[in-house]
Amino acid sequence: MAEERRQKQCSVVLPTESMKAMAESVGVGQLQEESCVALSEEVSYRIKEIAQDALKFMHHGKRRKLTTSDIDNALKLKNVEPLYGFQSQEFIPFRFASGGGRELHFYEEKEVDLSDIINTPLPRVPLDVSLKAHWLSIEGVQPSIPENPPPAPKEQQKAESTEPLKVVKPGQEEEGTIQGKSQGATAPDGKGKEKGLIRLKPRSTHELSVEQQLYYKEITEACVGSCEAKRAEALQSIATDPGLYQMLPRFSTFISEGVRVNVVQNNLALLIYLMRMVKALMDNPTLYLEKYLHELIPAVVTCIVSKQLCLRPDVDNHWALRDFAARLMAQSCKTFSTTTNNIQSHFITRLMFLQSWLDDKTQWTTRYGCIAGLAELGPDVIKTLILPRLAVEGARIKAVMEGPVVSNIDKIGADHVQSLLLKHCASVIAKIRPQPDNVEQYRTDYGYLGPMLCSHVMKARTQAALQAQQVNRTTLTITQPRPTLSVSQSGLSGSTGPRTPSIIKVPSSLALMSPRPGTPSQPSPPATKYIVMATSAGAASTQQVITLSSSQSASPVTSTVPSATSTLQPLVKLESGSGPGLTASRPLQKYIVVSLPSSASSSLETKSSVLPTSISSTPLDTGMKLDRSESPGASTQSPH
Amino acid sequence: MAAVQSGMGEGVEEKDIKTEPASDGFGNNNANDGRLVSTSPGSNAPAASNKPVAGGPPEDQQTLLAVLQFLRKNKLTESVEILRREAGLPEDDLDPNGADSSGAGTGGAAGSVDSDAGDASSLLTRVTVSSSAAAQAPTKAAAGEDQPDVSVVLSAYSQQGDPALYEVYYSSLKRFIETVLDCHRAELSQVFYPLFVHMYLELVYNNHENEAKAFFEKFSGDQECYYEDDLRVLSSLTKKEHMRGNETLLDFRTSKFVLRISRDSYQLLKRHLQERQNNQIWNIIQEHLYIDIFDGMPRSKSQIDAMSGSLAGEAKREANKAKVYYGLLKEPEIELPLDDEDEEAENEEGKPKKKKPKKDSMGSKSKKQDPNAPSQSRIPLPELKDSDKLDKIMYMKEATKRIRLGPDNLPSICFYSFLNAYQGLTAVDFTDDSSLIAGGFADSTVRVWSVTPKKLRKVKSAADLNLIDKESDDVLERIMDEKTASESKILYGHSGPVYGISFSPDRNYLLSSSEDGTVRLWSLQTFTCLVGYKGHNYPVWDTHFSPHGYYFVSGGHDRVARLWATDHYQPLRMFSGHLADITCTRFHPNSNYLATGSSDRTIRLWDVLNGNCVRIFTGHKGPIHALAFSPNGKFLASGATDGRVLLWDIGHGLMVGELKGHTDTIYSLRFSRDGEILASGSMDNTVRLWDAMKAFDDLETDDFTAATGHIHLQDNSQELLLGTYLTKSTPVIHLHFTRRNLLLAAGAYNP
């Protein structure tokens, strides 16, 4: 490996094109090829030399990061005037451009309006250097205080759980003892004697100190107690405290036992609390949860598919718990699923196994759980596993809804399943099914649920279009929907949950940096046309609408969209004005839906010459604002 | 005079006259500003320190001639006169030489330099020619150079061999070494690296760029991994023009690469090369390598690896033969107002009784002279002031409360984090009594904090001072300006990042060294700059006060360490010999010696008295960034970018231990007050504690094979490691043991 690197070192020389480009930039037009070669070698050599000197300054500056000031100092050593203007502490934002067969990286210097700078309020003054003392070690033992790192880093937890023997294998004693020592510190513990012995199991570290025991007691009591404020604090602590790894086995046992008991007792509230604990544990970045998934996952799955989770299934909102648990499961699939443990596929097979038994005898509750669990795993799973079953499920729902009244509970269950299916399937269908949405077509494809699906799909389409329109060309931050679950204590007393599980709040995922003032929320002028570009893959596909306020009102815009990659033929559909749904009221509106591969959609913005107005109208200020808000004063340091 | 003073007694293997030392002298003079040679006739040291450390009498002569040439060229006739008088060279001594050389008839640099210097420089060329003539007919030496010294140095490469054959030569040697007996293979393999470098440089020098590249690509992978940094420099060097002004290269060229090889192995190599008529390689070995031959068993691979890694090979055995007085100086006798004071102040029954025997034992200890200690007046030391005596008393008091450390009794560590430093903290120091912390920053400021409740106060202004009653008892208290009291003070003055910082032992002064090439002395009474010591023209990487005050040392990018006294604006001594930047400097506890660590991966120990280099320690594989003397003065610990701590026995001049564990540069090393524990702080965010007692004890039971200088290091780092303490995200850049053996650590939090 080292050899390869060295050989590379030997051969790296700046390309001669760069020399030409630089020469041109200072006004030397025709540079001969030999001069270019000679120059590039010389320049490469000098650059390497300067880099080596700059490294010296980095070392003496006690840093790991080479900064621009190091380069400046190295230049000063060589009696060269340092470069002015590169003062950034972090990386230098080089921009890339190509054209005319050339590729360029350049440092973009923006023109700055001085009045802007003058008028902006001053950033906060950066905090002054200060000195803070703490105990790194007391007589050889590192106290667990916030200033010190967590006793065992995640890597070590992982190493302990995945390679427990490594620590004591005689051959690898050296590495092992470093780890051992870093924790115990005091113990030279008669190494010589133990050397010969091969311990098969590492010493278990299950003793908790008195403080930890107290903490554990407090936390668990608060988590399942009645005071909501205390619970929030406890969960917050679980989610952030770095030193919990020793208590992790206790917590996971607590949760799994708790679920087991409370499912039998149908204690919905407690189940919810326990699930929230699971969530908090998963949120804690310092914990290596993999070791305890075997306890946590069954508990979560139980909360998804159990037949009965509460005393009065007709009244209590156990659906919310199922949704929440399903989301947790999806999250853990995402974070923990690897090729070796393959949680996701296990989970899916498990649900499918249940589902295959989903004959009429199966409870609606379990059915709901299965579908919710699958649906949370993403559009791909919905597409392959749920959509094919829509007709069957539809028939079952129909049997309950339209057949003789069996029981209220069944009816409610069927109702929930129906809305769940509609909710999840509509968005997926909207993406994979070409327009137009024909009710009859839907009925033949999806059976009983067809017509409802059709209207949902159309609603989804318009909504997506509207969102995309706002999103277009502005800086977009999508916050991952984070499930939050809160149960009011009174909920136990029995107010019927609303149809859609309202106690789960999923914050809207779009945060717009600057809503465009000119964006019509409801497109009223008839001349406006929309080009909807939807990426064909991915769940959170960004959909963009570009508004053209063109004067040529009548003629529909022919799609002159030069797709850069053009691997996928753009699908251009002209929707007839008389289509059903929301848009039917405005006869002159035309929707052109262009489906493009996701990669093409971005390059499309910059390249298309057909869309001049919309591009220029987008204020670039958003980017500037972002830059400004990162003033150094905003960030204060503290080792907590 | 310099010639007279060459006390080293070098046994030079080959007696050929070389030009390397000459140019070495040149380099030094360039750096040192030749004026200094003549301006300090009062002390013998500057001249002594100017002379290259390694060099026998004939080479010294050459050096002098070279110096003379340089001076003449720069029209410093007065200096020439003085120097010649000092050295006892008759004027006409030079001229016949010059005539001789012109008779030799090669062009060389003689044509290009002005007539003034003609005689001396042509002498140099003649010398060059005579040395290279042994090998092959000298070809065109680069004529018309602006820098005759450089061209002279390089011209030794001008011998032409068939460039295509270099690979053949090298690989045939490689085959030979691979087939020799195992016991010789490791030793002979040492030859590879210097040969490789010199062959590559020859190719480059003779404009065989493509061959050079091919040669490099083919064989660079064979070299030991610890030479990787140098190979990187080498790989970027592909043109003859690049060789000019490349310091690394000049170093390589001017200093002979030192190898230690047993006689048997050497004979084997010699026979092989002579049989094969492999002149190319033989010439390189003759000219550029110094082979230190010893009788006895060949060394093993691990023994060799332990000692190699420096830029110029191992140290010659002779280099470490000089006697070093590493013992401590006798503690001054202090009268005992302290006991009365103590009794009155504390009114404890047990205290005075305890104190008495303690005191007696100390007194008796100080009475018998350590045979290894230098005489008390070897270096003139400042007299103790009353305040110093008070401080000594405080020190002794604290010492009685000191915790006895050991493997079962580890120190507590208090960590001082610099918050909001924005990656700008570059140096830290504590005062000996741990009352103040100073930090040097990349923004050129120096900040001083008080970590005790006692705030920092300035002395009142002159006008206000006049108003004070000078007879009062608390005059020292009255002169302070209460209005200026604060926890920290900022010192402005430098114009570049502050890389080194050091408190004076009496806490009145603070030294700081900076990228701007100056060392500044600050008063901690007025919080102003008192002196800016100029002399280094390049960044000064480190500075350190002598433990007795008054003297301090600085070292930097110009490769010269300077010894200063606070009341002289010019250096008292200059220590030159390192081949790359001096990265850290430390005084020996007895102030008679100082150690410098360098980017050339060696540590040198210098005698303050005469400026001689008395020890060269090789074995590190990266630039050295931390040094620490053990409190008893016997041992030295060093830490480098390779993450290893090496322990050295100063008296024997041997490596005695290697502590592996850190994964990044070690920036700080410190022994506990009694020397039982060594603490190391590193860029990898850890503080590690090592059992120094054990490391040195084990060793004393071993008998040294000091004659050959061989060492057997057992790999016992893990047994010696007593603890590892990880910080959250704070590189540890300074460590300090308080007088009671509490460990203080400091670094900037780096979110």
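A polar contact here is a pair of N or O atoms within 3.5 Å; within protein, one must be able to donate a hydrogen and the other to accept it, and residues adjacent in sequence count only if both atoms are side-chain atoms. By that rule, 16 residue pairs, both at pLDDT 80 or more, are in polar contact across the interface of chain B and chain A. What you're looking at is a predicted model, where local features need pLDDT of at least 70 and side-chain atom pairs count only at pLDDT 80 or more, while totals for chains, interfaces and linings use all residues. Residues are numbered from 1 along each chain as its sequence is written, chains are lettered from A and ligands numbered from 1 in the order in which they are written, and side-chain values use heavy atoms, with hydrogens and water left out.

Let's stay at the interface. Taking contact as heavy atoms within 4.5 Å, 77 residues of chain B touch 61 residues of chain A. The two chains bury about 6,400 Å² between them, 54% of it on carbon and sulfur atoms; buried area is the accessible area (1.4 Å probe) that two parts lose on being put together, summed over both. On the chain B side, Asn420(B), Tyr422(B) and Lys728(B) lose the most area to chain A, together 11% of what that side buries.

Now for the charges. A salt bridge needs a side-chain nitrogen of Lys or Arg within 4 Å of a carboxyl oxygen of Asp or Glu, and four of them run between chain B and chain A. One pairs Asp581(B) with Lys56(A), at 2.9 Å from N to O. Another pairs Asp664(B) with Arg64(A) at 3.3 Å. Asp664(B) sits in the loop between β25 (654–660) and β26 (666–671) of chain B, and Arg64(A) in the loop between α3 and α4 (68–77) of chain A, so this pair joins two chains. Helices (H or I, at least four residues) and strands (E, at least two) are DSSP runs, numbered from the N terminus.

The chains also share strand pairing, which takes at least two DSSP bridges between two strands. Strand β3 (residues 130–137) of chain A and β3(B) pair in the antiparallel sense over seven bridges, and Lys132(A) has Ser417(B) as its bridge partner.

Buried means under 20% relative accessible area, exposed over 50%, and partly exposed in between (1.4 Å probe, protein chains only); 60% of the 751 residues of chain B count as buried. Strand β2 (residues 289–294) of chain B has six of its six residues buried, so it is largely enclosed by the rest of the structure. Leu289(B), Ile291(B) and Ile293(B) cover one side, with Tyr290(B), Asp292(B) and Phe294(B) on the other, and all are buried. Strand β1 (residues 257–262) of chain B runs parallel to β2(B), joined by six bridges, and Phe257(B) is partnered with Leu289(B).

Over in chain A, Glu33(A) and Lys20(A) form a salt bridge at 3.2 Å, N to O. Glu33(A) is in helix α3 (residues 33–60) and Lys20(A) in helix α2 (residues 16–25), 13 residues apart. Arg260(A) likewise bridges to Glu257(A), with the closest N and O atoms 3.3 Å apart; these two are three residues apart in helix α11 (residues 248–264) of chain A, separated by about one helical turn. Arg260(A) counts as exposed at 53% relative accessibility, whereas Glu257(A) is partly exposed at 36%.
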